[in-house]
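Hi there,

Here is the structure I promised to pass on to you. Have a look at it first, and then read my notes below.

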Amino acid sequence: YPLLERVAARARAAPDATAITDAINGIDASYARLAADVLRLAQRLAAADARTEGLREARVALLVDKGYLAALGLLAIWAAGGLVVPVLSSLPLPEQAYLVNTADCALILVDKNNRTRAEQLVAQKDEGESLKIMEVEVADLVEEVGDAADVLQALAPIDGEARAMMLFTSGTTGRPKGAVTRHSSLAAQVSSTVQAWRWTESDNLLHILPLNHLHGIAVGLLPTLWAGASVELWDKFDADKVWARWINGAEKAPITMFFFVPTGYSRLIAAHRAMTPEQQAEASAASAKLRLQVSGSAPLPVSVKSAWENGIGGGQVILERYGMTETGLIAGTGWENEKRVKGCVGFAFPGMEIRLWDPVENVVITGRDVPGDIEVRGPQVTKEYWRNPEATTKEFRDGWFRTGDVGIYSGATGEEGMLKILGRASVDIIKSGGEKLSAVEIERAILELPGMKDVAVVGIPDEEWGQIVGAVIVTEGEQVELKTLRDQLRSELAAYKLPRRLKVLDAIPRNGMGKVQKKLIVEREFS
Ligand code: ATP
Ligand code: MG
């Protein structure tokens, strides 16, 4: 399995090169140490289970706080032949139990902090595998291992078609589904990202994303290790600390890459606005020095991207990418700054094919500016949902995976052939009086209005129209009336797209990945 081989190769070529800086626990792990720790933990894991010849796809829940052990645990479970099921330690017990029971885990790998929780999970385990606990502390793994890199490389190769990881979708449209990635598709996702973003050994990624989703694992952590680069792990996002860390490149290794969700960039902008002019200049200059800043997981508001480019980010142009749990990264705006067009997610990732499907005519859409269902194909795409054949049959169709998102190939000047996301077919495409409206497009227009901080547009069930457009907004303090909002939007949007209902809120409900919880908004605000 190529990822472990690459870690081993890096450990041999540059044993002292930093792999992981765990800023949470104060651990600095070189590639040599990482290789040795992976091996030691893998041996323990293999011994902990009665199966012969390694874990053989036994589901191993990885329930540890964010830090070095979370990263190490992934690699060690793979080295032992297991199928890793990352479980976020901050989730409430019932949600963790749902993951562990759905995956039918045989083992939970925990740190001391999560021991009690693991015992509760064992008590709640339903039929299937009997669940065992294995507790590990990084400090226990210290005894010397001679040539770990050689041993690691010599491990019996795992079939590329063996199942590697089960990641649960964010549950935006229903209950989270377990998408099972094979070693081959995971390697394809990771290498495609390394290639697209020209990742090198000298990169150092500031990593503040949770390690239980695609974004944190297969976009942030694994490409770092694949490239032989370094990653610095934080567990909390604090905008002032991020600015300070970018500035502080002299004492510590400079940060070269930063990935986050759109709401983080908004918070960085707010923190920047609260600085003195001297601090602002210093912060923006530090941002300009990064090699790459990326946003993904939810649409990046045009206003955020503009503010960043026009001063705050030091002229840095945020790269926006689009991906999902089942596929890895699908598309991203281009390498050259002028290809990072606002409101677009750009071009297909290396190895990925994208087509737009017309579900009414059942044909592939070839024209520009015609919306269609986004379907994708490529070695990166996972092949199944765990023990959910109905969903697997429904979403994976003749070699193409149906993303559930609606997109358009833009033909507008300067955006030639770039993919634009119009939203999710189920919650963002509002069907009103025979028209299909994109909530994302209406949100963009609203966010451009002065004094507007955040917005979500939803379809509200309506007897006459099918659905009508509802908006919830967060303003900088003003009360906004529906009529005023409609008047302000008239020059931007056709009359039938104007909101018919409005609520001003203190905050838009989002999940940890910055995704708006639209079903909740409809239920809570408009029913
Ligand atoms: P579920 O499948 O359980 O409903 P989910 O689709 O939110 O949840 P994820 O796989 O984490 O779970 O998220 C993928 C989705 O996130 C995509 O299908 C898309 O709707 C959205 N997304 C990701 N990146 C972007 C982006 N740059 N712009 C717009 N939407 C994005
Ligand atoms: Mg989804």
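**What I found**

P301 touches P262 and L447, leaving aside residues up to four places away in sequence. Please keep in mind that this is a predicted model. P301 sits in the loop between β12 (292–295) and α12 (302–312). K342 is 41 residues from P301 along the chain, and the C-alpha atoms of the two are separated by 8.2 Å.

Ligand 1 is surrounded by 18 residues, and the closest are T169, T172, T173, T325 and D405. By class, that shell is made up of five nonpolar, eight polar and five charged residues. Which strand gives the most to the shell around ligand 1? That is β13 (residues 319–324), with five residues.

- T173 places a polar side-chain atom 2.4 Å from an oxygen atom of ligand 1.
- G171 has a polar backbone atom 2.7 Å from an oxygen atom of ligand 1.
- S297 has a polar backbone atom 3.3 Å from a nitrogen atom of ligand 1.

As for burial, ligand 1 exposes 640 Å² when taken alone, and the protein buries 93% of that.

Finally, a helix pair. Two packed helices are described by the angle between their axes and the distance between the axes. Here, helix α7 (residues 183–196) packs with helix α8 (residues 214–227) at an angle of about 70°, and their axes are 9 Å apart. Angles of 65 to 115 degrees count as roughly perpendicular, so α7 is roughly perpendicular to α8. On the α7 side, the contact is made by L186, A187, Q189, V190, S191, T193 and V194. The α8 side brings L214, A218, V219, L222, P223, W226 and A227. What classes of residue does the contact of α7 with α8 have? There are 11 nonpolar and three polar residues, and no charged ones.

Happy to talk any of this through once you have had a look.

Best wishes

Note on methods. Residues numbered from 1 in each chain as written. Chains lettered and ligands numbered in written order. Predicted model: local features only at pLDDT ≥ 70, side-chain atom pairs only at ≥ 80, totals over all residues. Heavy atoms only, no water. Axes fitted to C-alpha atoms, helices over the stretch in contact; angles between N-to-C directions. Helix = DSSP H or I, 4+ residues; strand = E, 2+ residues; numbered from the N terminus. Parallel < 35°, antiparallel > 145°, perpendicular 65-115°, else oblique. Contact = heavy atoms within 4.5 Å. Nonpolar A, V, L, I, M, F, W, Y, C, P; charged D, E, K, R; others polar. Near = heavy atom within 4 Å. Polar contact = N/O pair within 3.5 Å; in protein donor to acceptor, adjacent residues only side chain to side chain. Areas by Shrake-Rupley, 256 points an atom, 1.4 Å probe, with all protein chains shown as cover.
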